[in-house]
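Student: I am new to this structure, and I would like to learn how to read it step by step. Could we begin with the inside and then move to the outside?

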Amino acid sequence: MFHTPWAYEYAQLYRQSCRYDLLKWKPDTSVATKTRETPEILIYPRDEVIEGEENTLICFINHFFPPSINIKWTKNDVEVTMEDAFKKCLPNPDGTYHVLSNLNFVPKEGDIYGCTVEHASLEKPQTRFWETDTDETNIGPDVICGLGLSLGLLGVAAGTFFFVKGNEYQGFLVTQ
């Protein structure tokens, strides 16, 4: 260990300085008078949902107070995870809080996922649901692109045809 002869006096000096600083600060009473705010809940997938490929569901809970909140995830009415989100709560500028909760999943057609929130401002827990809706193939953009390309090529061919015929007609008029 290490011993410094002036360490005790140094600690005493800073102890008194800390006490003086504490007397200057006013206690924050806004927390005691702040009313409870009901959370807003939104659930959505991180990426485009493709059946059989891993994805992440996000439950965004916003504008709630106090910051103590519990989140449960369900799949087809069976609980899959529960988390205490208090460690993840982040403050909003208005004095409320927000939190993001994630659930990794592999989507299958017909699965229903739920994000349940328990909070002091709610009489009973609130749940938001998200249902797997995968599109096997979406050919709409491909059809429009193919149609546009075909019309473009047809226009080029028609323009070339009329250009050649126009030059032949000009040549016919000059020779006569």
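**Reading the core and the surface**

Tutor: In this predicted model, the largest nonpolar core has 18 residues, and those with the most contacts inside it are Leu57, Ile61, Trp73, Cys115 and Trp130.

Student: Which elements give two or more residues to this core?

Tutor: They are strand S1 (40-45), strand S2 (55-64), strand S3 (69-75), strand S6 (97-105) and strand S7 (112-119), and the largest share, four residues, comes from S2. As a general idea, nonpolar side chains in soluble globular proteins tend to be buried together.

Student: What is Leu57 in contact with, leaving aside its neighbours within four places in sequence?

Tutor: Its partners include Ile43, Tyr44, Pro45, Trp73, Phe105, Tyr113 and Trp130, and also Ser101, Asn102 and Leu103.

Student: How many helices and strands does the protein chain have, and what pattern do they follow along the sequence?

Tutor: There are three helices and eight strands, and read along the sequence they run α-α-β-β-β-β-β-β-β-β-α. Among contacts with a separation of 6 or more, 59% join residues 24 or more positions apart.

Student: Which residues form a nonpolar patch on the surface?

Tutor: Trp6, Tyr10, Leu13 and Tyr14 form such a patch, with about 500 Å² of accessible area together. Tyr10 lies in helix H1 (residues 7-24), and Tyr10 counts as partly exposed because its relative accessibility is 45%, which falls between the cut-offs of 20% and 50%.

Student: What share of the residues counts as buried, taking the whole protein chain?

Tutor: Of its 176 residues, 23% count as buried, while the protein chain exposes about 13400 Å², of which carbon and sulfur atoms supply 60%.

Notes: Residues numbered from 1 in each chain as written. Predicted model: local features only at pLDDT ≥ 70, side-chain atom pairs only at ≥ 80, totals over all residues. Heavy atoms only, no water. Core = buried A, V, L, I, M, F, W, Y, C linked by side-chain atoms within 4.5 Å. Buried < 20%, exposed > 50% of the residue type's maximum accessible area, 1.4 Å probe, protein only. Contact = heavy atoms within 4.5 Å. Areas by Shrake-Rupley, 256 points an atom, 1.4 Å probe, with all protein chains shown as cover. Patch = residues over 30% accessible without salt bridge, like charges linked within 9 Å, V, L, I, M, F, W, Y side chains within 5 Å. Salt bridge = Lys/Arg side-chain N within 4 Å of Asp/Glu carboxyl O.
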